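My notes follow in the order in which I looked things up.

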Protein chains: 4
Amino acid sequence: MKKKIGIVGATGYTGVELLRLLVNHPGVEITYVTSREHAGSRVDAMFPNLRGYIDLAFSAPSNEQLSECDLVFFATPNGVAMKSAQVLLDAGVKVIDLAADFRIKDIGVWEKWYGMQHASPQLVEEAVYGLPELNRAQVSGARLVANPGCYPTAVTLGLLPLVENGLIDLQGIIADTKSGASGAGRKAEVHTLLCEAGDSFKAYAVAGHRHQPEIAQTLSKLAGHPINPTFVPHLLPMIRGIHATLYAMLTAEADLQQLYESRYVSEPFVDVLPAGSHPETRSVRGANFCRMAVHRPGNGQRVVVLSVIDNLVKGAAGQAVQNMNLMLGFAEDTALRHPGLLP
Amino acid sequence: MKKKIGIVGATGYTGVELLRLLVNHPGVEITYVTSREHAGSRVDAMFPNLRGYIDLAFSAPSNEQLSECDLVFFATPNGVAMKSAQVLLDAGVKVIDLAADFRIKDIGVWEKWYGMQHASPQLVEEAVYGLPELNRAQVSGARLVANPGCYPTAVTLGLLPLVENGLIDLQGIIADTKSGASGAGRKAEVHTLLCEAGDSFKAYAVAGHRHQPEIAQTLSKLAGHPINPTFVPHLLPMIRGIHATLYAMLTAEADLQQLYESRYVSEPFVDVLPAGSHPETRSVRGANFCRMAVHRPGNGQRVVVLSVIDNLVKGAAGQAVQNMNLMLGFAEDTALRHPGLLP
Amino acid sequence: MKKKIGIVGATGYTGVELLRLLVNHPGVEITYVTSREHAGSRVDAMFPNLRGYIDLAFSAPSNEQLSECDLVFFATPNGVAMKSAQVLLDAGVKVIDLAADFRIKDIGVWEKWYGMQHASPQLVEEAVYGLPELNRAQVSGARLVANPGCYPTAVTLGLLPLVENGLIDLQGIIADTKSGASGAGRKAEVHTLLCEAGDSFKAYAVAGHRHQPEIAQTLSKLAGHPINPTFVPHLLPMIRGIHATLYAMLTAEADLQQLYESRYVSEPFVDVLPAGSHPETRSVRGANFCRMAVHRPGNGQRVVVLSVIDNLVKGAAGQAVQNMNLMLGFAEDTALRHPGLLP
Amino acid sequence: MKKKIGIVGATGYTGVELLRLLVNHPGVEITYVTSREHAGSRVDAMFPNLRGYIDLAFSAPSNEQLSECDLVFFATPNGVAMKSAQVLLDAGVKVIDLAADFRIKDIGVWEKWYGMQHASPQLVEEAVYGLPELNRAQVSGARLVANPGCYPTAVTLGLLPLVENGLIDLQGIIADTKSGASGAGRKAEVHTLLCEAGDSFKAYAVAGHRHQPEIAQTLSKLAGHPINPTFVPHLLPMIRGIHATLYAMLTAEADLQQLYESRYVSEPFVDVLPAGSHPETRSVRGANFCRMAVHRPGNGQRVVVLSVIDNLVKGAAGQAVQNMNLMLGFAEDTALRHPGLLP
């Protein structure tokens, strides 16, 4: 029997992406899709690409109805999942939050960056940070998964082999990251209009961005002491794709190409390109891959890692489905086997 | 002494475009720029391209202060200019409305399409439709100018020579038009987000669009009897530019290339391309030109006219400055002499 | 046992799109992929989105090796397939040509538009025009399929119900069509550079385009006498997608919405949108659908049909796979079941 | 009497941009525009934005005719100017090379990076590096100016105040730079097609790029000893604009905002934004400005400078006109006074 899946907040870009991926999943059935604002209107009226694939209308969110699902995704703004997670978990429902409510273990840090009081601090410790390449076993056994942020996914996967092996100066890490506009969500705002964000490029949040503490938490745990990388995000004049350009100074010798290839050889969704490559975001458009290349210009101590993902797939909905597959016992790549859309 | 210019509603795209064009106009001084929402904040904080060119903050609109200007532009939503125009005209201020309040002579038609009651019906008759290529003399003597819509400018200029000379079947005219997203304005709306309007293309308002009666009015007046062209607008995944593809059936023989060239030979801002050309919107990016080409495929009776403008320049702010130049006695092309930005 | 598939000329956009669709097809195996220029280099070095999906290098084309396939796709420039098709057919290989070699039944017309002598005139009669919605049975039994052009697919499907039912004036049909730049192929040319075709819009080939006679042939056959529609293509500043805006005059009364819905009710890949809709090209991005809407502005005699496809999928590789499925006895939608990529 | 200007190689993007800027320059007359390939065809047939502004055809390049100019721009590929410069200088003609022939003082370094033997090594020492903000007086008196590269302009201006004042660790400088596709020129190549470079993002030349030694040369000279910054360029899916994100570690305390503002207070084309700003490339689209902001995240030792230019204007043709103005005694901002095109 198919597993019953609910999606809370399915009118945003991570929501429609979850729907796009799940409609062809052989083991699940989307039974409940919520939107307070659009309750009653058909899902495929808002997202015509799904015509013929889903025969549901949005419902107003109800914990009672969500409790009948086997697993519920929260594709909601920050601060929503934390209010319902406990009820659902108590009802035996597994939960994946695509927002940030359960990503940061230090409640004080979370509250500072997200500007609100945490409604379920008791669940933060239990929540598994859903980066399968780091926490596969824990994800498989989890009731509650905090799906990683888009930037943190690209940055962390790009730096993992260096940090795990203690090869770099941990104080000088720089993550210069660039994201397509879909990372800002499907919200009526001036700064992400085509006429504002199109045909232009800028940095933003140089003073501080919420994904910095998330990256710092993962790397610090790996390193065993606090790391505080410099993190500068930029907005690309395109829809999908993140490119992280990562800089560090080597403190020990290593065959970096070999190191990266062996770290990820068994990973279904991490692809280390041949030496000298420059991954393009379009190579992962619509696909769940993280593609990366590692460089050492002039064979010096500076290492430059290039890491790309589709922010809506491996950076959000695809990774969430990957986590769901682990949590529900499906093959990890179920419904995630299509290549990127190029051109 | 420089003429004093006021701009009401300068936070939209036609507003900033007026500012861009006027800051280098040798005969005018921008003295008053209004925005209710942003009163008190500097103009160049919102539009950094103007840093060094304008040293003003937005003011809350006040008819008293506007009355000290020689000429006031309304770069506002529909329905705003009609509430203030009489007061300003009474104070001896000339007025150019870039919105639609004074474009349609038939008040009933206007009220039907714009969904509100007209606040100054007494001014509609006086208002001159500011298409200099059609009404140059009247514009020069006008107190109140209705600046044409963007689509109507491209369509009307493209059809003028055919209609003026009675060469086509007036019942079968089709205007298939395409516009960049800046035509929708600088408003926080979902459907013009980069992620919605980018990398895609669609028609809209096929059932009816406000620019259709405006085009019909001008063509009908020229022809001497009612014309009701089919008008279908589309949204282009880019910022600036309108392309009108115009279809008609010839009812008489003519050398169309020669006809178009002689109609526009003295026009500073209409450029008829050589036979066989296909005008690109980028050739007029940022410039006040309408470029066009006339085709007769297979030398049959079907005529196809291609007409391009920058919707924010010849389709809005540039044409408004052209009208201002006429109204204030400047050379018609003052501040409008720069070529398009290509590439 | 899986069917063996060869692809000739797989370095272009229709080639890589065939690969993207076929790598997940459960019934076929890609055994032979040719490129004279890139022989010896890995397919996934050129198209990194396929890393992990295909373990082949390009081969120089050889009829001998192609003859071991069950079916061969020609994703080549015009004039290539006609030189090899006979040899392959004689060897029992089925052939689908994605270029134009076998689309036009009148050899003289073909030679005029394509500027070369036809190398296999004897095959033109046999070749089935691969529009399943029109010729499903013939495709199923065919040895040689001429895959339709991209514009003709969007235009023909949009007009079929009107022409089949004799509802319109056949002399006044206009097809105003717009295509993304991938329709021009993956060729080193100035006019399709990002800096030339990006952020701009233009018509092209108004004097005459090769897809006009292809459309005319299909419609004329349906109508029973010659039809010569006006066809004007335009270049969109985006990669994928065709939008056809089709104009005709009704000569008889009909419920057009009902007519379109019943014509296509059983078609897996044609989707008639609800009355009043405006299909977006992005709703079919990467998917094999044709989505359309039919309008009758002001309830007059003018009918306006809006029809969108992804030019590389339903307009090329997807339709070719659909035809292959029919020819090889697979379910028609095998490997074509994914929704469009939105946003 | 107007100065006579020649442009060699005017069919590329820097060439047409020179034309766009110079046609409205009151003190110069474009008398000679060369293109070997397009000799005889009108300039405005290739660049329709210039219709009405220039009445010349391309000529085959001839040193004799160029010698009649007062000043000649080389908007050519690398290696062209060095073959003609001596002849022109001997004839009393001033020369500005927009390519790289005279940028690098160390002939050996130049020959290594540019892969050819230098044809005029005797001129390299004399050539002035045309960054007016650094070498204004020398440019004013120069016969031969090496116009800086696009990336080096954005990077050098962004780092100048820090390096001049000895405030940073010179060994750890990182320049993460992003450029629109027009930087690659108007050449028929696959990798800059709309379908290849559009809607995607990637780094390139991480192993080494020709602009790195140019940046290193300027910074090293300023610092008094060798600096070897890490330089990683990326390709943006848009036409115009460079964004440099510059990272360094402070080694001394300073009020960075005040430092930058006073360094550039008298510069007509460098604009330091208020503290906390994020410059957008569109704010300089078509304009000769470099806009920048300086950040110090968390008030730590890390300094992050954001610097934007239009690569075709301040990064090429605009800076060349600025240099020409200095060399010919015009006001430095002549023909360069227009604001950026926003939106």
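**Entry 1: salt bridges.** I start with the term I need: a salt bridge is a side-chain nitrogen of Lys or Arg within 4 Å of a carboxyl oxygen of Asp or Glu. The model is a predicted one, so I keep in mind that side-chain atom pairs count only at pLDDT 80 or more.

I looked up Asp199(A) with that rule in hand. Its side chain meets that of Arg285(D) in a salt bridge, at 3.4 Å from N to O. This pair crosses between chains. Asp199(A) lies in the loop between helix 9 (194–197) and strand 8 of chain A. Arg285(D) lies in the loop between strand 11 (270–272) and strand 12 (290–295) of chain D. I also noted the count over all chains, which comes to 84 salt bridges.

**Entry 2: chain D against chain A.** How many residues of chain D are in contact with chain A? I find 39 residues of chain D, and they touch 39 residues of chain A. Chain D and chain A bury about 3,200 Å² between them. Of that area, 55% is on carbon and sulfur atoms.

Which three residues supply more of the area that chain D buries than any other three? They are Asp199(D), Phe201(D) and Val206(D), with 17%.

Next I turned to the charged pairs here. The count between chain D and chain A is six salt bridges. I looked at the one between Arg282(A) and Glu196(D), where the closest N and O atoms are 2.6 Å apart. The polar contacts came next: 26 residue pairs across the interface of chain D and chain A.

I then asked which elements of chain D build the side that touches chain A. Strand 7 (174–179), helix 9 (194–197) and strand 8 (202–203) are among those that each supply at least two residues. Strand 9 (230–235), strand 10 (242–249) and strand 13 (302–309) of chain D also each supply at least two. By type, the residues of this side divide into 19 nonpolar, eleven polar and nine charged.

**Entry 3: the turn that relates D and A.** I checked how chain D is superposed on chain A. A rotation of 180 degrees does it, with 0.0 Å of shift along the axis and an RMSD of 0.0 Å. Which residue of chain D comes closest to the rotation axis? Pro237(D) does, with its C-alpha at 3.4 Å. The same surface serves both copies, as 100% of the contact residues of chain D recur in chain A.

**Entry 4: chain B against chain C.** I moved to the other pair. This contact takes 39 residues from chain B and 39 residues from chain C. The two chains bury about 3,200 Å² between them, 56% of it on carbon and sulfur atoms. In chain B, Asp199(B), Phe201(B) and Val206(B) lose the most area to chain C. Together they make up 18% of what that side buries.

I counted six salt bridges across the interface of chain B and chain C. One I looked up joins the side chains of Arg282(C) and Glu196(B), at 2.6 Å from N to O. The side of chain B that touches chain C divides into 19 nonpolar, eleven polar and nine charged residues.

Chain B can be laid on chain C by a turn of 180 degrees and a shift of 0.0 Å along the axis, with an RMSD of 0.0 Å. The two copies are thus related as by a two-fold rotation axis. In chain B, the C-alpha nearest that axis belongs to Pro237(B), 3.4 Å away. Why do I say the copies meet through the same surface? Because 100% of the interface residues of chain B are also interface residues in chain C.

**Entry 5: the open sheet.** In chain A I traced seven strands in an open sheet. The order is 8-9-7-10-13-12-11, and the pairing is mixed. Strand 8 (202–203) and strand 11 (270–272) of chain A stand at the edges. Each has a single partner strand, so one side of each is left without a neighbour in the sheet.

I followed strand 8 of chain A to its partner. Two bridges join it to strand 9 (residues 230–235) of chain A, and the two run antiparallel. Ala203(A) has His234(A) in strand 9 as its bridge partner.

Strand 11 of chain C pairs with strand 12 (residues 290–295) of chain C in the parallel sense, over three bridges. There, Val270(C) has Cys290(C) in strand 12 as its bridge partner.

How values were computed: Residues are numbered from 1 along each chain as its sequence is written. Chains are lettered from A and ligands numbered from 1 in the order in which they are written. This is a predicted model: local features need pLDDT of at least 70, side-chain atom pairs count only at pLDDT 80 or more; totals for chains, interfaces and linings use all residues. Side-chain values use heavy atoms; hydrogens and water are left out. Contact means heavy atoms within 4.5 Å. Buried area is the accessible area (1.4 Å probe) that two parts lose on being put together, summed over both. A polar contact is a pair of N or O atoms within 3.5 Å; within protein, one must be able to donate a hydrogen and the other to accept it, and residues adjacent in sequence count only if both atoms are side-chain atoms. Helices (H or I, at least four residues) and strands (E, at least two) are DSSP runs, numbered from the N terminus. Ala, Val, Leu, Ile, Met, Phe, Trp, Tyr, Cys and Pro count as nonpolar, Asp, Glu, Lys and Arg as charged, and the others, Gly among them, as polar. Copies are superposed by least squares on the C-alpha atoms of residues with pLDDT of at least 70 in both. Two strands pair if DSSP finds at least two bridges between them.
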